[in-house]
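Biologist: I am new to this model and would like to go through it with you. Could you take my questions one at a time?

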Amino acid sequence: MAHTVADWLNEYGTCHRHPLNKRLHWICVPLIALSVVGFLWSVPVPAAAAAISPFVNWAALFLLAVIVYYLTLSTSLAIGMAVFSAILMVVTYALSQLSVPLWLTSLIIFVLAWIGQFVGHHYEGARPAFFKDLQFLLIGPLWLMAHLYARLGWADATGKA
C-alpha cells in the first residue's frame, strides 16, 4: 500500500510526542543527516569528478536521490529539503577543511547524535520508527520540515497551515 506524505508524517509522529524526545530530534536528526553527508563526502570519487568541483561527490548524488524521493511525496516539502540539503553540503564542505579528517568528525557527530536519539526514545517509551520501516530514516527530516513550515504559517503538503 502506498503511503501519502500525511500517512508517513502521522505515523512518524506517533512515537515522537514526548517534549524531550521532540527537542532532541530537532538537534539530533539534522546532525545525523550532516554526519551521513560527511561520510558519503569522504568516499573518494573518480578524479574526473573531483576535478570539476569538491561538490561533485557521493554526498551530492545521495542528496539528489533523496530529493527525488521527497518529490514523490510532496513538492513543497521537497523544496524545503533541497534548501536544507544545500546547507548540509556547505557545512560539510567547511568541516572538510578542518585538520581533523571529515570521516572522523562525521563519526563523532553520528555517535553523539544517535545517543541523543536513543535518550529521547527512552523518555518517549517507544522505539525509533526506523525499527518498523527503514524509510523512516528519510521521514524524520521531512517531519521536522513539516513542523517548521507549520511554525512559519506556511501550508505544507498535509494541508495544514
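Biologist: Is Ile-108 buried, partly exposed or exposed?

Modeller: Ile-108 counts as partly exposed, because its relative accessibility is 46%. Buried means under 20% relative accessible area, exposed means over 50%, and partly exposed lies in between (1.4 Å probe, protein chains only). Please note that this is a predicted model, in which local features need pLDDT of at least 70 and side-chain atom pairs count only at pLDDT 80 or more, while totals for chains, interfaces and linings use all residues. Residues are numbered from 1 along each chain as its sequence is written, and side-chain values use heavy atoms, with hydrogens and water left out.

Biologist: Where is Ile-108 placed?

Modeller: Ile-108 is in helix 6, which covers residues 102-124. Helices here are DSSP runs (H or I, at least four residues), numbered from the N terminus.

Biologist: Which nonpolar surface patch is Ile-108 part of?

Modeller: The patch consists of Trp-103, Leu-107, Ile-108, Val-111, Leu-112, Ile-115, Val-119 and Tyr-123, and together they have about 760 Å² of accessible area. Such patches are made of residues with over 30% relative accessible area and no salt bridge; nonpolar side chains (Val, Leu, Ile, Met, Phe, Trp, Tyr) are joined within 5 Å, and like charges within 9 Å. A salt bridge is a side-chain nitrogen of Lys or Arg within 4 Å of a carboxyl oxygen of Asp or Glu. Accessible areas come from the Shrake-Rupley method with a 1.4 Å probe, and for residues only the protein chains shown count as cover.

Biologist: Now the inside. How many residues has the largest nonpolar core?

Modeller: That core has 26 residues, and those with the most contacts inside it are Leu-9, Tyr-70, Leu-73, Leu-77, Ile-139 and Leu-142. A nonpolar core is a set of buried Ala, Val, Leu, Ile, Met, Phe, Trp, Tyr and Cys residues joined through side-chain atoms within 4.5 Å.

Biologist: Which elements give two or more residues to this core?

Modeller: They are helix 1 (5-13), helix 2 (19-42), helix 4 (58-73), helix 5 (75-96), helix 6 and helix 7 (136-152). Helix 7 gives the most, with 8 residues. A second, separate core has 11 residues, including Leu-34, Trp-41, Ala-59 and Ile-109.

Biologist: Changing topic, how many disulfides are there?

Modeller: The structure holds 0 disulfides (pairs of cysteine sulfur atoms within 2.5 Å). For Cys-15, the nearest cysteine sulfur is that of Cys-28, 15 Å away. Cys-15 is buried, with a relative accessible area of 10%, and Cys-28 is buried at 5%.

Biologist: And the aromatics: how many pairs does a search of the whole structure find?

Modeller: The search finds 9 aromatic pairs. Rings of Phe, Tyr and Trp (its six-membered ring) pair if their centres lie within 6.5 Å; planes under 30 degrees apart count as stacked, over 60 as edge-to-face and the rest as tilted. One of the pairs is Phe-39 with Phe-110, which is edge-to-face at 5.7 Å centre to centre and 65 degrees between the planes.

Biologist: Which parts does that pair tie together?

Modeller: Phe-39 lies in helix 2 and Phe-110 in helix 6, so the pair ties together parts that are 71 residues apart in sequence. Phe-39 is partly exposed at 27% relative accessibility, and Phe-110 is partly exposed at 28%. Phe-39, Phe-110, Trp-114 and Phe-118 form one aromatic cluster.
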